[in-house]
Amino acid sequence: MATFAKSGGEPVGSVPGPALALEGGGLRALCVGAALTAGLARVASPNDEGVTLAASGLYRKFASLASVSGGSWFAASLIYSPRFLSLVEDMAADPSFASAQWGRRWTTPWLAVTSEDSPFIKVFADLAKDKGDVGLAQDLLLAGYFWQKGFTWTNWTLTLLETTAGIDMSCSLGSPVQEWARGKVWLACHSLAAPATKAATPVYIYKHELPATAIRQTIDGSPGLAQYIPASYSFALGSDQSAAAVPYVARSAIPNNARWVYKGARVGGCPFFFSRYTAKSAKVGDFDNLTSGASSLPVVSCAAASSAAVGDLIFKAGVSSLVDDVSGSLAVWQGSGAGPAAFSEAEGLVAGLTSPALVSQKSVDQLAAASVNAAVDAGFTDTTGIAFAVAAGSTEIVAYLNYSTPDHLAHLFTGSYEIDGVTYDENPSPVFEQSASDIVSAYAAFTQLALTPNAKLLTTINVGTLTATTVSNALWGLPAGVTVTLHIIGVSSSLTIGQLQDVHDYDVLVQEVIETVVSEGNSDLIRGTVLPWFVS
């Protein structure tokens, strides 16, 4: 966690100070983040009426926010959208109407995009709804919409943020932010798909079955620590700087002399022929275009990379072929361009590979010249955001978790562990030296908030503190022996992260979380234990 002096466009290198970590978890993570913010801001506010996040001081002490996947949808919305912030503050001012507010101002605009679906899709959705499966009906309508408008993860994220928070492609990391966020560093966490040259499974940039055609990608000069490398787009919010706040990846994970390797192969023609094409990119360096000009990176693209939950399918030839056949993209492609072009140029090159005939030495050379590579969900390296915050320099972290078990938390620790009779393999690259099994036991002993009466979807809210010690870890660029304090708020519910779930169920969950946090029965615990994590 060495700190580098800032000079020109160079990143600072570390962000000491407390951090807020926002675990991934799709729509559920977004809703839990909003609900905890609203509930805690109300308790922290000196005035129940007209609650504002800035005046409450709830997030004032945090130097950084490390967000993952759906947690990044929440972070982006709360940071850049006055409309979304107003929704959260209005729910804080009147928790009894939180469900109605969320439904009218978030869920309804999101689902409204499906009004443009074809009658064909609507028939199948109606059939699902008639059988009582509202979640499936909504998923069919949303899938139909994106089938028409662009079957890419970036388009999914753009539509979500634009309809619910008014954030479009013109919004960059350096755009104006809400008052509460000014001066904090946002780490939009994600994973870089970087299989070593000798890896059994490369990234498939393009794949077609008949005739057999492919362009595969690996990285040469990497120590091959993992298939996925933790990475983050970072920026000091509201500042006049252009540079990132921290390096994009740990130098020990990807040395600056590493190069992307592209290998194309095509079978076909008459007479039968087999062609091979190979090219290498320039040295990756410090991923300068993502650090020196971080202020101009689009928020949508950063959030899309953070949340590309099915991006791992780029390692599967069969699925990649099917996705390419419909001109889709499940990863976020980035390259050496500056600002928005870091994404648009790379995405254009990949999208331009529409047929086997276009796979040639020229197309492979173009990919190499642009250093095209794939960014996918941060959950492939750390779902909690905690490791990202520690790697950025924080030694005190408040984490919002939203899964029903502490699996992702325990995975950061050493050794295998068991949860509910299921044994989980040890993390080959742990962040902390303490036993993962002991962490599971400690989490089970956390204090639980008394749930709001008649809670239907919320099952528990666990709160507690852990002390952890880092191990030497080249993947994350961490030294051994650093003591880290982890304050955990774990929200469990019966809801999925979004799939096959009635989106209106999240309206209910939001209200149940807020009402539980602000209830008089939990006042002593919230004011005496939890709030000091935020405002001390």
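This is a predicted model: local features need pLDDT of at least 70, side-chain atom pairs count only at pLDDT 80 or more; totals for chains, interfaces and linings use all residues.
Biologist: Which residues of H13 are buried, then?
Modeller: Helix H13 covers residues 361-369, and its buried residues are Ser363, Val364, Leu367 and Ala368.

Biologist: Where do they fall, seen down the axis of H13?
Modeller: The buried residues lie within an arc of 140 degrees, so they line one face of the helix. In general, an α-helix has 3.6 residues a turn, so residues three or four places apart point the same way.

Biologist: And which residues are exposed on the other side?
Modeller: Lys362 and Ala369 are exposed there.

Biologist: What happens just after H13?
Modeller: Ser371 adopts a positive phi of about 50 degrees.

Biologist: Changing topic, how many helices and strands does the protein chain have?
Modeller: The secondary structure comprises 18 helices and 16 strands. With a radius of gyration of 23 Å, close to the 24 Å that the globule rule gives for 536 residues, the chain is as compact as a globular protein of that length.

Biologist: What share of the residues is buried?
Modeller: Of the 536 residues in the protein chain, 58% are buried. Among contacts with a separation of 6 or more, 75% come from residues 24 or more positions apart.

Biologist: How many positive and negative side chains are there?
Modeller: The protein chain carries 28 positive and 44 negative side chains, and the centres of the two sets are 8 Å apart.

Terms used:
Residues are numbered from 1 along each chain as its sequence is written. Side-chain values use heavy atoms; hydrogens and water are left out. Helices (H or I, at least four residues) and strands (E, at least two) are DSSP runs, numbered from the N terminus. The radius of gyration is taken over C-alpha atoms; the globule rule is 2.2 Å times the number of residues to the power 0.38. Buried means under 20% relative accessible area, exposed over 50%, partly exposed in between (1.4 Å probe, protein chains only). Contact means heavy atoms within 4.5 Å. Lys and Arg count as positive and Asp and Glu as negative; His and the chain ends are not counted. The place of a charge is taken as NZ of Lys, CZ of Arg, CG of Asp or CD of Glu. The arc is that of the directions from the helix axis to the C-beta atoms.
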